[in-house]
Amino acid sequence: MERKFPLLSSPLTVGRLTLRNRIMSAPTTFPEPDAECHMTEDMARFYELRAKGGAAVVTVSEAMTHESGLSHGRHIMPLNPYSLGPLTQTARAIKRHGAVANIELSHGGRYAGRAIIDPSNSAPVHFGPVDELLSNGTQVRAMSQEMIREIVDSFGQAAAVIKQAGFEMVLIHAGHGWLIHQFLSPAVNRRQDEYGGSTEGRCRLLLEIIDSVRAAVGPGFPIEVRMSGDEYAPGGCDIEETIRIAEIIDEKIDLFHISTGNHETTLFRTHPSLYLPRGCNVRYAEAVKKHVKHPVVAIGAIDSPEMIEDILESGKADMVAMARGLLCDPEFPNKAIQGRDDEIVHCIRCFACLSERRMTQTRICSINPIYGMEKDYLSRQGIPAEAPKKVLVAGGGPAGMTAAITAARQGHQVILCEKTGHLGGALRYERNVPLKEDLYDFVRVKALAMEKAGVEVRLNTPVTPELAEAEGPDVLVVAVGAKPIVPPLPGVDGSNVDQACHVSEDDFTCGHRVVILGGGLVGCETAMHLTGLGHEVTIVEMRDQLAPDSYLYQGKSLREELERLKIRSCTGITGREITADGLKGADREGKECFFPADTVLLACGMRSETAQVEALRDGAPQVMIIGDCYRPGNMRQATFQGYYQALDI
C-alpha cells in the first residue's frame with residue numbers, strides 16, 4: 001500500500017540494528033524507581049505502552065551510573081544490587097512489541113541532587129569539573145583524575161549490565177547541563193589539565209566514556225549521544241562549538257541526538273513552551289547533520305506527522321524523538337503510519353506533566369488520563385463491561401465527550417446530547433486563537449472518536465427531566481458545564497463590556513485600549529492574543545500573582561511571555577466600577593486607581609450550571625456529575641472525571 005507519510009514509515013539502520021520507523025520515544029521519567037532505585041512494574045508498563053504505540057525506539061530515562069550523580073529524586077541505578085531483574089523485565093516489555101529497548105546513562109555533576117560526604121572534612125559536597133560555589137550556596141568540588149576514572153569506568157560497567165538485561169541501544173547524556181555537558185562547556189570547565197582548555201581537552205571525558213561503553217557493549221551495538229546544540233550561556237557551547245564536538249566524536253558513535261539548552265536556566269527552550277513555534281529546535285539538528293556522517297535525531301515540540309515528514313524530506317534530520325507528544329498519545333506512530341493521523345491527540349504544551357512531578361512526585365497529562373496509569377490501562381484492554389447499559393450523556397464538552405467515548409468502548413449503548421449546535425463546551429472559546437489551536441483541535445479528534453466508537457450524538461438537544469424519562473437510561477452522565485461569572489459591578493452591563501471568552505467569536509470586536517479584569521490563565525492568554533493583534537492591553541488582577549492557579553511551569557512560562565511582550569499588569573487590585581472610559585479599582589489599602597479603556601473584558605472565572613444539575617439528579621438509576629458542572633476546573637479534571645467515572649459504569 002502507499003503510505004501517507006512514506007519517510008516517517010521507513011526503516012533506518014543504526015549500528016547493526018534496523019529501526020522500524022523514524023520515531024523515537026525520547027527519555028521520559030515516570031514513574032519513579034523504588035526506594036532501592038530499581039525499576040518497577042509500573043515503569044515497565046509505562047515504557048511498554050510507547051512500544052505498543054509504534055515507536056521504533058523506546059528510551060528509558062536517566063539511569064545514573066554513580067552515586068555522586070543522582071540529579072533529582074530517585075533514579076535507576078544499574079549498578080545497584082538486584083537491578084538486573086527489573087531492567088530485564090522492562091527491556092522485554094519494550095521488545096515484545098517490536099520496538100528497540102534503549103536506556104539513557106547520565107550523571108548530574110555539580111547539579112547532582114545528592115551530596116557526597118567529603119572524606120577530608122566530613123562535609124557534604126557535590127562534584128563537577130572545577131571548584132566553585134553555586135548561586136544557591138552549593139559547594140562543588142573539582143573531580144580528581146582518580147574520580148574521573150571511576151566515573152568513566154562506571155559508565156562502562158552500567159552499559160555491561162544494561163546489555164545483559166537485553167537492552168539493544170545505549171544513550172549517553174552529554175547535554176542539558178549535566179556532568180558531561182559541564183566538561184564540554186567552556187563557560188563551566190576551567191580546568192588546566194588534559195580535561196580542560198581546548199575543545200579536544202574538554203571532549204576528553206566524553207571520549208573516554210564512549211570508549212568505556214564501547215568496550216562493554218562491543219562493536220555494532222548502537223551508541224547514541226545526546227547533546228545541546230546551544231546552552232544559551234555567555235561563553236558556553238554554541239552551535240559552532242557543538243558541531244566541533246560532534247565532528248570529534250563522530251567516528252566513535254552511531255547516532256546523534258541534538259536537543260538544546262540546560263535544565264537550570266532554559267527549561268522552556270529545552271522543552272519548548274506554548275509560546276515558541278513547534279519544531280523550534282530542529283535547526284540545531286540540521287546544523288549538526290551537515291558535518292557528521294552518522295544519523296541525527298531532532299527533538300523539540302515536534303507533534304505532527306506532516307512536520308516529521310518535512311524534516312526527513314528536507315534532510316534536516318534522519319529521525320525525530322518525541323516526549324510530550326507520546327505522553328498525550330502513545331499511539332501517535334501507529335496512527336501516522338496507518339494513515340489514521342486525523343485521530344492523533346496533540347500535545348497542548350501546558351506543562352502539566354513536568355509541573356506535577358515537581359509538586360507531587362507524580363506525573364499527569366491534561367488530555368491523556370491514562371498517563372501514569374498504564375498498568376491499569378493495559379490490564380483492562382479487551383475486557384468489555386459485564387452488563388452493557390444504556391448511557392445518556394448531557395453535555396458535549398471535554399468531560400462529556402471523554403465519558404461517552406470511554407463508555408462506548410466498554411460496550412455500552414451511549415447517546416450524547418448537546419444543547420447547542422456544536423461540540424466542545426468551554427473549548428469553543430479557544431477557536432480562532434492561534435495559541436490554542438491544538439487545544440481546540442481536541443474537539444475535532446474527540447468528535448471523530450465518538451463516531452468510531454458508535455456514540456449517537458444529538459446536537460441542539462438539551463437534556464431535560466422529560467427527555468431523560470422518555471429515553472429511560474440506566475446511567476445519566478451530567479456534564480452541562482459552567483458559565484462565565486459576571487461580577488456585580490456598577491456599569492458591568494455597559495456596551496463597552498464583554499466576556500474575555502468571546503474573543504474567539506467570529507464577530508467579536510473591541511477598542512484599541514483594552515482592560516482585562518481577571519489575571520488567571522484565560523485573562524493572560526487573552527491579553528497575549530489581543531496584543532498580537534495590535535491592541536494596547538492591561539491586566540487587572542485582585543490576587544498577588546498572575547495565573548496562580550495554572551500548572552507550575554505553565555505559569556512561569558506564561559509570565560515570562562507577558563514580560564517579553566511588555567503587557568502591563570497590575571496585581572492586588574479589586575475592580576470597583578466600569579465606566580464608559582474604563583475601569584475603576586482599588587488596592588488592598590483602599591487607594592483608588594483608574595485604568596482607561598475603550599473595552600473592558602471580564603475574565604473572572606466560571607460558575608457551575610447548578611440549576612441544570614439539580615433538575616437532572618433523579619434522571620436515571622445511576623447519575624454521575626462530572627466536569628465544570630461538578631466544580632469549575634481545567635482540562636485535566638474534565639478528562640480524568642470523564643474517563644474514570646465512565647469506567648465505573
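Is Tyr 644 buried, exposed or partly exposed? Tyr 644 is partly exposed, because its relative accessible area is 22% (buried means under 20%, exposed over 50%, partly exposed in between, with a 1.4 Å probe and protein chains only). Before going further, know that this is a predicted model, where local features need pLDDT of at least 70, side-chain atom pairs count only at pLDDT 80 or more, and totals for chains, interfaces and linings use all residues. Residues are numbered from 1 along each chain as its sequence is written, and side-chain values use heavy atoms, leaving out hydrogens and water.

**Aromatic rings**

- Seven aromatic pairs turn up, counting rings of Phe, Tyr and Trp (its six-membered ring) with centres within 6.5 Å; planes under 30 degrees apart are stacked, over 60 edge-to-face and the rest tilted.
- One of them is Phe 268 with Tyr 553, edge-to-face at 6.4 Å centre to centre and 70° between the planes.
- That pair links distant parts of the chain, 285 residues apart: Phe 268 belongs to helix H8 (residues 267-270) and Tyr 553 to helix H19 (residues 552-564). Helices here are DSSP runs of H or I with at least four residues, strands are E runs of at least two, and both are numbered from the N terminus.
- Phe 268 and Tyr 553 are both buried.
- Tyr 643 and Tyr 644 also make an edge-to-face pair, because their planes stand at 90° with the ring centres 4.7 Å apart. Tyr 643 counts as buried because its relative accessible area is 12%.
- Phe 46, Tyr 47 and Tyr 371 are linked into a cluster by ring pairs.

**Charges over rings**

- Arg 50 has its charged end over the ring of Phe 46, 4.0 Å from the centre (the rule asks for NZ of Lys or CZ of Arg within 6 Å of the ring centre and within 35 degrees of the ring normal).
- Arg 269 does likewise over the ring of Tyr 232, at 4.4 Å from the centre.

**Around Glu 48**

- Glu 48 sits in helix H1 (residues 41-52), and it's buried because its relative accessible area is 8%.
- Leaving aside residues up to four places away in sequence, Glu 48 touches Ala 93, Arg 96, His 97 and Leu 378 (contact means heavy atoms within 4.5 Å).

**The five-stranded sheet**

- Five strands form an open sheet in the order E17-E16-E15-E18-E29, with parallel pairing (two strands pair if DSSP finds at least two bridges between them).
- Its edge strands, E17 (456-458) and E29 (622-625), each pair on one side only.
- Strand E15 (residues 390-394) pairs with strand E18 (residues 475-478) over four bridges in the parallel sense.
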